[in-house]
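Here is a short tour of one chain for anyone who likes to check geometry by the numbers. Please keep the coordinates open as you read.

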Amino acid sequence: MSGAPADGGLASAADEGVEPVDDLVARAAAWARSDPDDATAGELRGVLARAAGGDALALDDLRDRFATTLAFGTAGLRGQMGAGPNRMNRVVVIRAAAGLAAFLLDARTDGDEQPSVVIGYDARHRSADLARDTAAVMTGAGITARLLPRPLPTPVLAFAVRHLGADAGVMVTASHNPAADNGYKVYLGNEDGGSQIVPPSDAAIAERIAAVGPLADVPRPGSGWEVLGEDVVDAYVAGAAAVAPLDDPPDGPPLNPSSASSTTRTGEQRARLRIVLTPMHGVGGEVALRVLARAGLTDVHVVPRQAEPDPDFPTVAFPNPEEPGALDLALDLAREVGAGLVLALDPDADRCAVAVPDPGAGGGWRVLTGDELGAVLGESVASSSVPGPLVRSVVSSRLLDRVAAAHGRESVQTLTGFKWISRVPGMAFGYEEAIGYCVAPSLVRDKDGITAAVRAAGLAAELAGRGRTLLDVLDGLFVAHGVHLTGQHAVRVDDLASITRAMERLRADPPTTLGGDAVVEATDLLAGGEGLPPTDGLLYRTAADARVVVRPSGTEPKLKAYLEVVVPATGGLGAAKALAGDRLAGLRRDVAAVIGL
C-alpha cells in the first residue's frame with residue numbers, strides 16, 4: 001500500500017502543510033502491524049483499505065488519527081477510543097504506563113523501596129484491558145502493581161492510593177464523557193497525598209512517555225501483579241459512611257449527638273428519608289448503596305433503567321448529571337415513590353448532583369446548582385468541629401468565602417480542578433461549581449460523589465426531622481450573606497484559534513461596563529493575579545459586586561464565562577432573588593456581546 005492507484009485512490013501528492021499520503025499510509029500500516037490489539041489493528045486496516053479505494057472520508061479519518069499524539073497532561077489522557085496515536089487504545093496506554101514507570105523509578109533515591117502503583121478501572125469499553133496492560137507494564141518494569149478487584153468508582157482508587165501508601169495510582173475512566181471515549185488519570189502518593197498530578201510532574205511524565213522506544217521492547221509479563229481483595233472496598237465504605245453529619249446540622253436546635261436518645265432520633269430520621277439514586281449507568285451504584293445503608297439511610301430506590309453499569313449509556317445523550325434531561329428518569333421515580341431527595345452520580349461516581357422537592361419549581365423538584373450545593377455542604381462542614389479552611393476554585397461562587405468568614409475560618413481560592421483544590425494544606429472542605437465536592441479530605445484527596453451524597457443525605461434527613469430542607473439552609477445563607485446567583489455563558493467552536501483571538505481581543509480592549517454597571521477591576525490571570533499561579537483567564541468585577549471569569553475550557557473546544565451576581569436580601573428574600581435573576585440575565589447578554597463568538 002505504499003503507492004497510489006491510478007484509478008482515483010490514494011494520491012501521492014500532498015497539499016501544502018499536509019503530510020504526504022504515502023508517508024501517512026506507511027505510518028498507519030506500521031502502527032497496525034505493531035498493535036497488540038486485534039480489534040483496533042483490524043479497524044485501522046479497514047480504514048486504510050477504504051482510503052485506498054478512494055473514500056475521501058476514510059482518508060480524512062486516517063489523517064485525524066495520525067495528526068498528533070494524544071497529549072498527556074494534568075488530566076492524564078482522555079479521548080475517543082480507536083486506533084492511532086490521536087486515540088485512546090492499548091498502544092497509547094502501554095506507552096503511557098511505561099513513561100509513568102520510568103518517572104517513578106527515576107524519582108527513587110538510594111535506599112528507597114520498590115515503587116508501588118494501584119490501578120483501578122470503570123465499566124467503559126476496554127477499561128479492564130487498559131488496566132491490565134498498565135499492571136503488566138509496571139510489573140515488567142520492576143514496580144509493585146496492585147489491581148483493584150473489579151470495576152469500581154474513581155474515589156475508591158483515590159482512597160486506595162492513600163490507604164495502601166502507594167507511590168502512584170492510575171484510574172482508567174473518562175468520567176462523564178460520551179460512550180465513545182476513555183481516559184487515564186494519574187495520582188501521586190507520598191508527599192502529594194494521593195492527589196492528581198500537577199506541573200511539573202505532568203511534563204516530566206510526558207517527557208518519559210515520548211522517550212519510550214518500540215512497543216515490542218516494553219516488557220509486559222502475563223502475570224505477577226496483585227489483584228486486591230474486597231477489603232480495600234470495605235475500608236472505603238466504612239470511611240465514607242462516617243462522613244454523614246455527626247454534628248448539629250445548621251439552622252436548628254442542637255441535637256446533642258452524644259446522648260443515646262439523640263443518636264436514636266438521628267437514626268430514625270435517616271431511616272425515614274426516602275431517596276432516589278441513579279448511578280447513570282456507571283459503577284457507583286453498588287458502593288453508594290452500601291455506604292448509604294451503613295450510614296442508616298436505608299430507604300433508597302435506584303432508577304431501574306440506569307442501575308447497572310452499561311458503557312453505551314442507553315438512556316442519556318451524555319452521562320452527565322448536569323446535562324438537560326439526564327435526571328428525568330430519576331425525577332419521575334421520585335415523584336412516583338414520594339421521595340424526599342434525589343442523588344445522581346456520574347458514571348465513575350466522582351461527581352454528585354442533588355435534587356429536592358420544591359413546590360414552586362417546575363415538576364415540583366429543583367436540582368441544586370453546583371454552587372448552591374457547595375455552599376450548603378460548606379456550611380455543614382464549617383458548622384462542625386472539623387478544623388481547616390474551606391476551598392473553592394476561582395470559577396466557583398464567593399458565597400463559600402462568606403460562609404467561612406462567618407465561622408471564623410480561612411477561605412482559599414485555587415485554579416480550576418481538584419488537582420489544585422485537594423492540595424491546600426489542612427483543607428476541611430473543597431468544591432468546584434461543576435458538581436465536584438471533597439467533604440472528607442483525609443479519606444480521598446479528590447472530588448468524591450459518594451461521600452458528597454451521604455453527607456447531603458444525612459444532612460437532609462436530620463433537617464427533615466424538624467420540617468426543614470436543604471433549601472431552607474440555602475435561603476438562610478442568602479439572608480445572611482446576600483443572594484449569590486451564578487451561571488455560565490459557553491461558546492463551542494470548530495476553530496480553536498478563534499478562542500485565542502477572542503482572548504487576545506479582550507486583553508487588548510477590556511469591557512468598561514457589564515450588566516449595566518461599571519467594571520471596577522479587570523485582572524489578567526495569565527499574569528498570576530488573584531494570588532494564583534498564571535493561567536489563561538480574565539476576571540472582571542463590577543461596581544455592583546458582579547463577577548465574570550472568562551477562560552478557555554481545559555477539556556472541550558469551548559470558551560466559557562462564569563458569571564456571579566450578589567444582591568443583599570435587606571428588602572426581602574423574594575425580591576432579592578428576582579433582582580438577582582434579572583441582573584444575571586443582563587450580565588449574560590453583555591458577556592455574550594463582549595466575547596463576540
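The protein chain holds 18 helices and 22 strands, taken as DSSP runs numbered from the N terminus (H or I over at least four residues for helices, E over at least two for strands). This is a predicted model, in which local features need pLDDT of at least 70 and side-chain atom pairs count only at pLDDT 80 or more, while totals for chains, interfaces and linings use all residues. Residues are numbered from 1 along each chain as its sequence is written, and side-chain values use heavy atoms, with hydrogens and water left out.

On overall dimensions, the C-alpha trace spans about 80 × 60 × 55 Å along its principal axes. The radius of gyration of the chain is 25 Å, which agrees with the value near 25 Å for a compact globule of 597 residues; it is taken over C-alpha atoms, and the globule rule is 2.2 Å times the number of residues to the power 0.38.

Now to a helix pair. The axes of α4 (residues 90–106) and α5 (residues 127–140) come within 9 Å and cross at roughly 35 degrees. Those axes are lines fitted to C-alpha atoms over the stretch in contact, with angles running from 0 to 180 degrees between N-to-C directions. In this contact (heavy atoms within 4.5 Å), R90, V93, I94, A97, A98, L100 and A101 of α4 meet L130, D133, T134, V137 and M138 of α5. By class, nine of these residues are nonpolar, one is polar and two are charged. Here Ala, Val, Leu, Ile, Met, Phe, Trp, Tyr, Cys and Pro count as nonpolar, Asp, Glu, Lys and Arg as charged, and the others, Gly among them, as polar.

R126, in the loop between β2 (116–121) and α5, has a positive phi near 75 degrees, although R126 is not a glycine. P199 and P200 are joined by a cis peptide bond with omega of about 5 degrees, and P200 sits in the loop between β6 (195–196) and α7 (201–210).

On a 1 Å grid over the protein atoms alone, a cavity is a set of points where a 1.4 Å probe fits but cannot get out, and lining residues have an atom within 4 Å of a point. Points are joined across faces, edges and corners, and a volume is the space filled by probe spheres set on them.

| Cavity | Volume | Lining residues |
|---|---|---|
| Largest | about 60 Å³ | L514, G515, D517, T542, A544, A546, V565, V566, R583, L587 |

For the largest cavity, β22 (558–567) and α18 (573–595) each supply at least two lining residues.

How values were computed
On a 1 Å grid over the protein atoms alone, a cavity is a set of points where a 1.4 Å probe fits but cannot get out, and a pocket is an open set with protein on both sides within 12 Å along at least five of seven lines; lining residues have an atom within 4 Å of a point.
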